[in-house]
Amino acid sequence: MYRVLAIALFLVQALYPQSKMSMEEAQELQAQVKQKSQSTKTITSDFVQYKHLDFLSNDIESTGEMAFKAPDNVSWEYETPFSYKVLFKDEKLFINDNGNKSKLDLGSNKLFKQLNQLITASISGDMFNDTEFDIAYSKENGNRMVHFLPKDPQFSEFIKAFHISFSDQGAVNELKMIEPSGDYTRIIFSNRVENKAIPDAVFTQ
Amino acid sequence: MRFLLSSLIVFFLGCTPYPKKLGYSPDQSKSKTFTNPYFSDLQKDYVYKANISAFKNEFSGILVIKKTDENKHRVAFTTELGNTIFDFSIGDDSFEVNHILKKMDRKLLLNVLEQDFRTLIKENIAFTETYAKENTKLLKAKIGTKNHYYNFKKDTLQSIAKVGNQKEIVVITFSERSENLARHIQILHKNIKLAISLQAI
């Protein structure tokens, strides 16, 4: 039984090896993602979020809807297992926690401002900025994957690395944010719709 | 004279033992030990949506409690988006900070959190005094240096009050209980403006 499993694993690995992208492939991905990000004015997508803490038996799963409107409006709305919406808009952070509304001005806080920019950037995946990140390109299980490691030590206190997996069209399929401890948040997007008008209500608290 | 009399009354009321204040009388009950069931299952992840109200500021996030070993628990708090704010390991005689945001790394805050969570998860409790009133019981135990009163109704733990100078300092209330799980927990501080409300998800 174990031998069969070992052979199967070997075959899977042989079929989908984890390998580095060539320089050309990396440049092609960059250009594709940039082009897509520029031509994408709105995005709506469902998401499933898995919070992994090493000491837990199971990841904490939550689901919801994400909406993005260029240049930097993001609505991140959890529907299960709790109702919670966070809205990044005009350098402010609006929270609707099951009816309890609050607001945070990001303009005054450099770190939150960066966080906002990062969240916006990670939705399109256009984070190819090598002054802010160490960037590594790879192919995993046939998917194109990019690792972004923040250089700013103040930021890397929160997140050690972003792993972004891209579709063949250059859209973000999956985002993994890894904390210094190794615990991580993994977000898988589905039902992505681009450039369709989004009702204003989505971007209000 | 009237002022003196009312002062004396207030003074003596202040000194009235906590159980007596609540109308409890001493009881010669035999149950001197108790196992708090609410965080006792090694197989279970206890996950709560948490709302914290501290000095007029409101925070929310996810509080996770896991029994990792006999007499050892892990308590972690993350934002809804997944960033870990703090992560502690709490044993009978130990307290380790695995992670805390630099901005929150203050001894006073850590002490408050440690004491609250230690009381919340402490499993094996030895009682020194027992009181009764109708179908409820009040049992006294010492955790750290402070007296704690465990309130039971028909043998089910309802609340834990940390008491100093015969006054409540912190009250932890367990509600929406079913099969050793309290789906709603309220941690209310009486001497500082801090309240933590937990709802199981």
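This is a predicted model: local features need pLDDT of at least 70, side-chain atom pairs count only at pLDDT 80 or more; totals for chains, interfaces and linings use all residues.
Trainee: Where is Asn141(A) found?

Mentor: Start with the two strands around it. Strand E8 (133-140) and strand E9 (143-150) belong to chain A. They run antiparallel, joined by 8 bridges. Asn141(A) is found in the loop between E8 and E9.

Trainee: What is the phi of Asn141(A)?

Mentor: Most residues other than glycine have a negative phi. Asn141(A) is a residue other than glycine, yet its phi is positive. The value is near 50°.

Trainee: Which residue is the bridge partner of Ile135(A) in E9(A)?

Mentor: E8(A) and E9(A) are joined by bridges and run antiparallel. Look in E9(A) for the partner of Ile135(A). That partner is Phe148(A).

Trainee: What is the order of the strands in the open sheet of chain A?

Mentor: The sheet has 12 strands, with antiparallel pairing. Its edge strands are E1 (19-20) and E7 (100-105), and each pairs on one side only. The order is E1-E8-E9-E10-E11-E12-E2-E3-E4-E5-E6-E7.

Trainee: How many residues lie between E4(A) and E5(A) in their hairpin?

Mentor: The two strands run antiparallel, joined by 5 bridges. One bridge pairs Glu77(A) with Lys85(A) in E5(A). Pro81(A) is found in the loop between E4 and E5. The hairpin has 3 residues between its strands.

Trainee: What is the omega of the peptide bond that joins Thr80(A) and Pro81(A)?

Mentor: Most peptide bonds are trans. The bond that joins Thr80(A) and Pro81(A) is cis. Its omega is about -5°.

Trainee: Which peptide bond is cis, with omega near 5°?

Mentor: Look at the loop between strand E3 (60-69) and strand E4 (73-80) of chain A. Pro71(A) lies in that loop. The cis bond runs from Ala70(A) to Pro71(A).

Trainee: Which residue in E6(A) is the bridge partner of Lys85(A)?

Mentor: E5(A) and E6(A) run antiparallel, joined by 6 bridges. Lys85(A) also has a bridge to Glu77(A). In E6(A), its partner is Asn96(A).

Trainee: Which residue takes a positive phi in the hairpin of E5(A) and E6(A)?

Mentor: That hairpin has 2 residues between the strands.

Trainee: How many of the residues of E5(A) are buried?

Mentor: A residue is buried if 20 or more other C-beta atoms lie within 10 Å of its own. E5(A) is mostly covered. The count is 5 of its 6 residues.

Trainee: Which strands of chain A each supply at least two residues of the side that touches chain B?

Mentor: The contact takes 22 residues from chain A and 21 residues from chain B. By class, the side of chain A has 11 nonpolar, 6 polar and 5 charged residues. The strands asked for are E2 (42-52) and E5 (84-89).

Trainee: Why does chain B count as being as compact as a globular protein of its length?

Mentor: The secondary structure of chain B comes to 3 helices and 15 strands. The globule rule gives 17 Å for 201 residues. Chain B comes close to that, so it is as compact as a globular protein of that length: its radius of gyration is 18 Å.

Trainee: Which residues have the most contacts inside the largest nonpolar core?

Mentor: That core has 39 residues. A second, separate core of 24 residues includes Ile43(A) and Phe148(A). In the largest core, the residues with the most contacts are Ala50(B), Leu63(B), Val64(B), Ile65(B) and Phe117(B).

Trainee: Is Glu134(B) buried or exposed?

Mentor: Glu134(B) lies in the loop between strand E9 (129-133) and strand E10 (136-143) of chain B. Its C-alpha atom is separated from that of Lys153(B) by 9.3 Å. With 8 C-beta neighbours inside 10 Å, Glu134(B) counts as exposed.

Notes
Residues are numbered from 1 along each chain as its sequence is written. Chains are lettered from A and ligands numbered from 1 in the order in which they are written. Two residues are in contact if their C-beta atoms, placed from the backbone, lie within 7 Å. Helices (H or I, at least four residues) and strands (E, at least two) are DSSP runs, numbered from the N terminus. Ala, Val, Leu, Ile, Met, Phe, Trp, Tyr, Cys and Pro count as nonpolar, Asp, Glu, Lys and Arg as charged, and the others, Gly among them, as polar. A residue is buried if 20 or more other C-beta atoms lie within 10 Å of its own, exposed if 12 or fewer, and partly exposed in between; C-beta atoms are placed from the backbone. A nonpolar core is a set of buried Ala, Val, Leu, Ile, Met, Phe, Trp, Tyr and Cys residues joined through C-beta atoms within 7 Å. The radius of gyration is taken over C-alpha atoms; the globule rule is 2.2 Å times the number of residues to the power 0.38. Two strands pair if DSSP finds at least two bridges between them.
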